[in-house]
Amino acid sequence: RRDYYYYRESEPQTEAMTMSVSENNVTIQLSHELDERGEYNAFTSISVDIHVHGAKSGYITGVIVNRQRIPERMFLSAMDGHSGELQYVAVSLFEPRLGRTKLVSLQDGGAEHEPHFMYIEKMHIDDQYKRDGNSDVGTYALRLLLHHPYVKGKAYTNTSGSRWSVSSCVYELDPYEAMPREVEERIEMEEMHESERRMTAMVRGELEDQPETEESLRAKEEKSQMMDNYARLDANQFLRNGFYQDAAVASHQGGNNTRFLVAAHHHWDQPLKSRTEATAVKFHAAPPEIRPPVGKDAEILELTKRMCQDCGEQGSSLIHTAANNERSSAYRDDVSSLIREGGSLARSNALHAACALNDPSIVHCILQMDPSSSLEARDVHNATPLMMAAALASGKKSIRGLPFDQPVIDILIAAGADKGALNSKGLTAYGTFQSSLRDYSQMMQAMTGNPVHSSSESDIIPGLVELEAKLVPPDGPTRADQTGGDSAEPGFINYREEDSDDNYCDY
């Protein structure tokens with residue numbers, strides 16, 4: 001069944017500035033239907049046509065999620081069953097047990113009742129109404145949607161007396177929506193040519209990832225900055241409606257999470273902000289990433305990956321075998337040649353690659369060649385080789401538990417790896433292992449729908465106590481290790497005490 005609504009707010013807000021389009025000239029037509037991509041009848045797709053002077057000039061599409069219809073402990077599974085985009089939103093912004101918001105700012109904004117939340121998948125405004133950063137049409141259309149009777153509803157009454165069925169809303173900024181059509185076409189053409197080049201190379205059997213160069217890195221960084229600039233332009237129509245970039249998500253999770261905008265009904269129930277006010281809002285920018293290896297360093301990294309991948313299972317546990325000794329000797333000769341040409345084992349993150357590919361023979365060889373700097377080197381994610389090995393170990397969990405034999409971790413610790421080193425989230429290698437184990441449990445829950453026991457229940461996971469004992473820092477786990485990194489940071493809600501009476505744990 002599809003229902004249609006026409007809606008225009010009866011008392012428009014006014015602004016003390018000249019506008020190319022009056023708010024009275026913008027109307028919307030909303031339709032909604034049960035979204036067949038989701039389970040439990042919990043998902044409703046909405047489609048909004050935007051009209052300016054009676055002519056269609058844009059559209060909005062989205063999904064409204066009724067969390068109360070999703071069984072307990074099935075939230076992530078339901079989100080994943082709907083789409084990858086919604087699953088990413090769920091993992092980033094909501095806790096996995098009941099779908100409660102992880103953000104203090106949303107709860108403070110009135111989302112604590114948490115009936116439905118709305119994810120805006122796409123918002124498109126025709127080019128003539130968004131030139132030079134103009135956000136008026138998008139602003140007015142979004143306000144009409146947020147105040148539409150279908151969204152406002154009568155699920156509950158907030159402290160101010162307003163009634164809302166949707167308690168919070170999420171949008172991920174889309175740089176392509178803000179850029180001029182000619183820029184978008186140029187990017188599409190460049191990506192098409194690159195795809196054709198790779199396809200031709202694959203047909204010829206020549207497809208190999210080429211090491212990064214200074215020029216290729218600079219081009220990627222310039223494109224990334226351009227995309228961030230256009231994403232910021234896309235934000236203005238949402239900022240004027242009370243949306244904001246949550247500092248906890250943007251600063252502690254980084255990546256594409258800096259492009260999430262969120263709001264609770266209390267935020268969008270306020271008067272519209274002006275264009276000037278929206279433009280003045282400062283965004284949190286993720287810190288510059290550690291640049292990946294280039295030049296001879298990149299060649300060392302690719303050589304290491306190739307050597308470890310060619311090894312297969314030969315180097316899984318035994319280091320000093322004839323085959324491994326021969327591999328190590330060949331690797332040592334090739335790397336030494338690249339070092340003489342200016343390369344560096346530490347800068348190349350070769351030890352990280354050998355740990356990630358679980359090759360103790362090459363790990364041992366690297367530490368013999370560079371026993372200090374490689375051991376504590378940081379990769380683009382600010383992780384040490386021991387953290388890499390710890391994360392890999394969590395993925396080896398099976399119904400029989402965890403392997404008692406952990407040769408890569410043993411080699412690193414024997415060489416003096418710092419078990420107290422911290423990554424960007426304040427996690428040690430021990431915390432990285434625990435966090436990765438929780439992620440693995442969440443993934444299994446999403447795939448099977450079955451509860452997964454907490455990793456703290458070490459008595460039912462053979463090998464866990466032994467591995468934890470190897471990784472625990474000399475001064476004990478950090479607070480971030482104990483609480484999972486992000487949830488321990490200001491701005492995130494910790495539900496563990498509230499849920500402590502339940503044996504189930506998926507955080």
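**Cysteines and salt bridges in a predicted model**

Buried means under 20% relative accessible area, exposed means over 50%, and partly exposed lies in between, with a 1.4 Å probe and protein chains only.

A quick word on the ground rules. This is a predicted model, where local features need pLDDT of at least 70, side-chain atom pairs count only at pLDDT 80 or more, and totals for chains, interfaces and linings use all residues. Residues are numbered from 1 along each chain as its sequence is written, and side-chain values use heavy atoms, with hydrogens and water left out.

Back to E184. Which residue does E184 meet in a salt bridge? The partner is R181, at 3.2 Å from N to O. A salt bridge here is a side-chain nitrogen of Lys or Arg within 4 Å of a carboxyl oxygen of Asp or Glu. E184 and R181 sit three residues apart in helix α7 (residues 181-203), so about one helical turn separates them. Helices are DSSP runs (H or I, at least four residues), strands are runs of E (at least two), and both are numbered from the N terminus. R181 is partly exposed, at 37% relative accessibility.

Stay in helix α7. E190 and R186 are four residues apart there, about one turn of the helix. Their side chains form a salt bridge too, at 3.3 Å, N to O. E190 is partly exposed at 42%. R186 is partly exposed at 40%.

Now we leave the helix. E191 pairs with K223 in a salt bridge, with the closest N and O atoms 3.3 Å apart. E191 is partly exposed at 38%, and K223 is partly exposed at 33%.

Some salt bridges share partners, and these join K122, D127, K130, D174 and E177 into one network. How many salt bridges are there in total? The count comes to 25.

Last topic: cysteines. A disulfide is a covalent bond between the sulfur atoms of two cysteines. The test used is a pair of cysteine sulfur atoms within 2.5 Å. How many disulfides does that give? The count is zero. Take C365, which is in no disulfide: the nearest cysteine sulfur, that of C308, is 10.0 Å away. Is C365 buried or exposed? C365 is buried, at 1% relative accessible area. C169 is buried as well, at 0%.
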